[in-house]
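Visitor: Please show me the structure, and then let me ask on what grounds its parts are described as they are.

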Amino acid sequence: MIGLDKFNLVKDRTLSGNVEDIVQNLTDPVRQVYFAISSFAMSLGTNVIKDNRPHRVVYAKSIVFRSFLDVKPHVDHLEVKVIKGRNFEPETFKIRNVQELNEIKIKIKDAYAMII
C-alpha cells in the first residue's frame, strides 16, 4: 500500500489527537523541546496559564487570558507562535531542538512582558 504522503495529498504534518497522545508520538528531540518550552513558559510568572487544546497548547497571562505563546506539535518539529498583543502580527517559528528554542526565548519573554 502506498502512503498518501508520496503523492503530496497530506499537506499538514500535524499529528491528530489530544496533546498528551501527540507528545508520545514526537521524535525525542522534539519531545525534549516540548517539555523545555512548557517549563520556560510556566517559569515566566505565577500568573501563567497553560491551556491544553485538542491539537496545540496555548500559554496565557492570568484571568484576562491574553495568550503570548501558541505551541502546535508536528511530527518532526513544533510550530511556535509568539504573540506580543492584538496589534502585533504573531511571529511563527519551527523549532526542532532545544538549541533553536534557546534562540527565541527572549522573544517569548518579551511577549509575556508586553501582555497586559
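**Grounds for the description**

Guide: Ser-38 has its place in helix H2, where helices (H or I, at least four residues) and strands (E, at least two) are DSSP runs, numbered from the N terminus. This is a predicted model, in which local features need pLDDT of at least 70 and side-chain atom pairs count only at pLDDT 80 or more, while totals for chains, interfaces and linings use all residues. Residues are numbered from 1 along each chain as its sequence is written, and side-chain values use heavy atoms, with hydrogens and water left out.

Visitor: Why is Ser-38 called buried?

Guide: Buried means under 20% relative accessible area, exposed over 50%, and partly exposed in between (1.4 Å probe, protein chains only); Ser-38 has a relative accessible area of 9%, and therefore counts as buried.

Visitor: What does Ser-38 touch, not counting residues up to four places away in sequence?

Guide: With contact taken as heavy atoms within 4.5 Å, Ser-38 touches Lys-50 and Tyr-59. The side chain of Ser-38 also makes a polar contact with the side chain of Tyr-59, at 3.1 Å; the term requires a pair of N or O atoms within 3.5 Å, and within protein one must be able to donate a hydrogen and the other to accept it, while residues adjacent in sequence count only if both atoms are side-chain atoms.

Visitor: Why does His-77 count as buried?

Guide: His-77 is found in the loop between E3 and E4, and its relative accessibility is 6%, so it counts as buried. Leaving aside neighbours within four places in sequence, His-77 is in contact with Val-30, Lys-72, Lys-94, Ile-95 and Arg-96, and its side chain makes a polar contact with that of Asp-76 at 2.9 Å.

Visitor: In what order do the strands of the open sheet come, and what is the sense of their pairing?

Guide: The 5 strands form an open sheet in the order E1-E2-E3-E4-E5, with antiparallel pairing. E1 and E5 stand at the edges, each with a single partner strand, so one side of each has no neighbour in the sheet. From one strand to the next, the twist averages 20°.

Visitor: How do you know that E4 pairs with E5?

Guide: Two strands pair if DSSP finds at least two bridges between them, and E4 and E5 are joined in the antiparallel sense over 5 bridges. Leu-78 stands opposite Ile-95 in E5, and Lys-81 stands opposite Thr-92 in E5. E3 and E4 likewise run antiparallel, with 5 bridges, and a hairpin connects these two strands through 4 residues. E4 has a covered face, made up of Leu-78, Val-80 and Val-82, and an uncovered one with Glu-79 and Lys-81.

Visitor: How do you know that the span of helix H3 agrees with its number of residues?

Guide: The expected span of a helix is 1.5 Å times one less than its number of residues; the 17 residues of H3 (residues 98-114) should therefore span 24 Å, and its end C-alpha atoms are 24 Å apart, which agrees.

Visitor: Where does H3 bend, and what is meant by the angle?

Guide: H3 bends by about 45° at Ile-104, the bend at a residue being the angle between axes fitted to the seven residues ending there and the seven starting there. Ile-104 is also one of the buried residues of H3, together with Leu-101, Ile-108, Ala-111 and Tyr-112. What covers these buried residues includes helix H2 (28-43) and strand E1 (48-52).

Definitions and conventions
Axes are lines fitted to C-alpha atoms, for helices over the stretch in contact, and angles run from 0 to 180 degrees between N-to-C directions.
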